[in-house]
Amino acid sequence: MSGQEIKRAEFEVASFKASPPAQGPTIVINGLGTFRGGRLTFTNASLNDLLKYAYGMTSDAQLAGPEWITSKAVRFDIEALAPVDTQRDRLALMLQALLADRLKLAAHHEQRELRYLSLTVGKDGPKMPAAEANPPADTAYNVAGRIVRKRISMPQLALLIARFERQPVIDTTGLDGFYEVKLEWVPSDLSAAEPTDTPAGPSIYSAVQSQLGLKLEARRGPLDVLAIDSVQKAPVEN
């Protein structure tokens, strides 16, 4: 994409601030970004979180840069305004421009051989209902073993699964739009542990197939990696 294209894709207004470090263990995942009513919001997001949204990456393995980009001690809050009908790809360009402006981000793309999971459609088709255009407030619940969202795209679902599985997950479903998702499974670190009172349940692979009508297929091949050339921790004043 050209520098001119990125420059044209700008938010109407944007607040970009350092946020206080998260206290205690992170249970509910923030940082995915929400776009509702013309407002794009990130809360307590790492730079990795922002880069994943801006550049379509799903895993830390696809980002190469200084160690602090994943740190709990360096987090950001963003509120940015855009037309309510702005598409996801356009929002990504806008966030790229905002990162370049406020954090002086410079980066380039590389191809690297990586293991990854491909999120595809199962043989009987997806089982997920289409999301309402304007659902009630989304009580998003994202923890290891449970993803409940009233409105989520397939790239966002791939991103969540990648976080829990700690490896890249690439959306190859070809499904556009937003869906209502309820996914429950037994995390691999629990299923491999000694028997406990935790009830048995499906693996992430079985759950994705039986509950969503999708599949996770293990693959290896060249993936796009974003390598950071330079970036600063403190955002330029709004």
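**Ground rules.** I'm working on a predicted model, where local features need pLDDT of at least 70 and side-chain atom pairs count only at pLDDT 80 or more, while totals for chains, interfaces and linings use all residues. Residues are numbered from 1 along each chain as its sequence is written, and side-chain values use heavy atoms, with hydrogens and water left out.

**Whole chain.** I counted six helices and 11 strands. Helices (H or I, at least four residues) and strands (E, at least two) are DSSP runs, numbered from the N terminus. Of the 238 residues, 44% are buried; buried means under 20% relative accessible area, exposed over 50%, and partly exposed in between, with a 1.4 Å probe and protein chains only. I also checked contacts (heavy atoms within 4.5 Å). Among those between residues at least 6 apart in sequence, 78% join residues at least 24 apart.

**Sheet with β1.** In what order do the four strands of this open sheet run? I read β1-β5-β3-β2, with antiparallel pairing. Two strands pair if DSSP finds at least two bridges between them. The edges are β1 (13-19) and β2 (34-36); each has a single partner strand, so one side of each has no neighbour in the sheet. From one strand to the next, the twist averages 15 degrees. For angles like this, axes are lines fitted to C-alpha atoms (for helices over the stretch in contact), and values run from 0 to 180 degrees between N-to-C directions.

I then zoomed in on β2 and β3 (residues 39-45), which pair in the antiparallel sense over three bridges. R36 has R39 in β3 as its bridge partner. Two helices pack on this sheet. Helix α2 (residues 47-55) touches β1, β3 and β5 (75-81), and its direction makes about 150 degrees with that of β3. Helix α3 (residues 88-102) touches β1, β2, β3 and β5, at about 60 degrees to the direction of β1.

**Sheet with β11.** Another open sheet of four strands has the order β4-β11-β6-β9, and here the pairing is mixed. At its edges I found β4 (63-64) and β9 (169-171), each with a single partner strand, so one side of each is left without a neighbour in the sheet. β4 pairs with β11 (residues 214-230) in the parallel sense, over two bridges. In that pairing, A64 stands opposite A227 in β11. β6 and β11, by contrast, pair in the antiparallel sense over 16 bridges. A106 has S230 in β11 as its bridge partner.

**Helix α6.** This helix (residues 204-212) lies across β6 (106-121) and β11, running at about 110 degrees to β11. Which residues of α6 are buried? I noted I204, A207, V208 and L212. Seen down the axis of α6, they fall within an arc of 100 degrees, so they line one face of the helix; the arc is that of the directions from the helix axis to the C-beta atoms. Their cover includes β6, α4 (154-165), β10 (179-184) and β11. Just after α6, G213 takes a positive phi of about 75 degrees.

**Rings.** I found three aromatic pairs in the structure. Rings of Phe, Tyr and Trp (its six-membered ring) pair if their centres lie within 6.5 Å; planes under 30 degrees apart count as stacked, over 60 as edge-to-face and the rest as tilted. One of the pairs is F16 with F76, edge-to-face, 5.5 Å centre to centre and 70 degrees between the planes. F16 sits in β1 and F76 in β5, 60 residues apart, so this pair links distant parts of the chain. Both F16 and F76 are buried. Next I looked for charges over rings, which takes NZ of Lys or CZ of Arg within 6 Å of the ring centre and within 35 degrees of the ring normal. R88 lies over the face of Y53, at 3.7 Å from the ring centre. The charged end of R151 sits over the ring of F178, 4.1 Å from its centre.

**E110.** My last stop was E110, in strand β6. E110 is partly exposed, with a relative accessible area of 26%. Leaving aside neighbours within four places in sequence, E110 is in contact with L223, D224, V225 and A227. E110 and L223 are 113 residues apart along the chain, yet their C-alpha atoms are separated by 8.2 Å.
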